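I opened a new structure today and kept notes as I went. Here is what I looked up.

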Amino acid sequence: MMWWILIAVVVVLALVWMGVYNSLIKAKNGVEGSFSQIDVQLQRRNDLIPNLVETVKGYANHEKDTLESVTQARQQLVDLPKDASPEAINAQSNHLSNALSRLLVVAEQYPELKANQNFQQLQSTLEETENKIAVARQLYNSSVQTFNQKVQVFPNSLIANVHGFTTKDYLEAPAEAKQAPKVEF
């Protein structure tokens with residue numbers, strides 16, 4: 001009789017262990033899947049940028065520095081290694097977003113460019129893509145939160161430590177985005 005109880009306890013513990021381990025794997029896959037959505041939107045933005053730069057070039061030849069900074073920032077994002085951390089990709093993406101913002105400010109100085117249908121369509125698509133990137137980042141951070149909670153709560157933390165699961169870092173906004181813009185009238 002005692003052996004049956006001991007076998008039942010071992011079986012229950014094994015089932016609990018497998019359940020916790022599987023939930024950790026699912027949460028880890030959720031983090032990776034949500035980051036791949038960021039990657040998809042970054043690629044979409046990268047594909048739009050050459051068209052946007054060429055359109056602006058036709059109207060704003062003397063804005064060479066701004067155009068080069070966008071092109072350079074895009075290339076740096078493209079050149080990141082495939083195994084780059086989400087934080088490194090996010091930092092380079094923020095750098096590109098800043099360069100794109102400067103480009104769009106330059107475009108405001110050219111009424112003919114702002115009226116150009118191709119430019120308007122590119123700008124609209126770029127804004128839509130930036131919104132999708134923001135949503136994908138929110139999803140990633142939500143997935144990281146779920147994963148981190150699973151890794152840190154007891155008894156999951158015991159199983160997570162045995163299998164090498166560690167918490168993930170959240171994607172954060174750059175420091176300049178956290179400062180309120182100065183508005184003057």
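My entries below go from the ground rules to salt bridges, a surface patch and a database record.

**Ground rules.** I am working with a predicted model, where local features need pLDDT of at least 70, side-chain atom pairs count only at pLDDT 80 or more, and totals for chains, interfaces and linings use all residues. Residues are numbered from 1 along each chain as its sequence is written, and side-chain values use heavy atoms, with hydrogens and water left out.

**Salt bridges.** I searched the whole structure and found 4 salt bridges. The term means a side-chain nitrogen of Lys or Arg within 4 Å of a carboxyl oxygen of Asp or Glu.

I looked at Lys28 and Glu32 and found their side chains joined by a salt bridge, 3.5 Å from N to O. Why do Lys28 and Glu32 sit about one helical turn apart? They are 4 residues apart in helix H1. Helices here are DSSP runs (H or I, at least four residues; strands are E, at least two), numbered from the N terminus.

I then checked accessibility. Buried means under 20% relative accessible area, exposed over 50%, and partly exposed in between (1.4 Å probe, protein chains only). Lys28 counts as partly exposed because its relative accessibility is 28%. Glu32, at 41%, is partly exposed too.

Next I asked which residue Arg44 pairs with. Its side chain meets Glu128 in a salt bridge of 3.2 Å, N to O. This pair links distant parts of the chain: Arg44 is in helix H1, Glu128 is in helix H5 (residues 117-152), and they are 84 residues apart.

Glu128 also bridges to Lys132, with the closest N and O atoms 3.4 Å apart. Both lie in helix H5, 4 residues apart, or about one turn. I therefore noted Arg44, Glu128 and Lys132 as a network of salt bridges. Relative accessibility is 26% for Arg44, 38% for Glu128 and 36% for Lys132.

**Surface patch.** I found a nonpolar patch of about 910 Å², made by Trp3, Trp4, Leu6, Ile7, Val10, Val11, Leu15 and Met18. Patch residues have over 30% relative accessible area and no salt bridge; like charges are joined within 9 Å, nonpolar side chains (Val, Leu, Ile, Met, Phe, Trp, Tyr) within 5 Å. Leu6 lies in helix H1 (residues 2-59). At 45% relative accessibility, Leu6 is partly exposed.

**Record check.** An unreviewed UniProt entry puts a "coiled-coil region" at residues 112-139. Such annotations may be inferred rather than shown by experiment. In the model, that span is 96% helix and 0% strand, with its end C-alpha atoms 38 Å apart.

Conventions. Accessible areas come from the Shrake-Rupley method with a 1.4 Å probe; for residues, only the protein chains shown count as cover.
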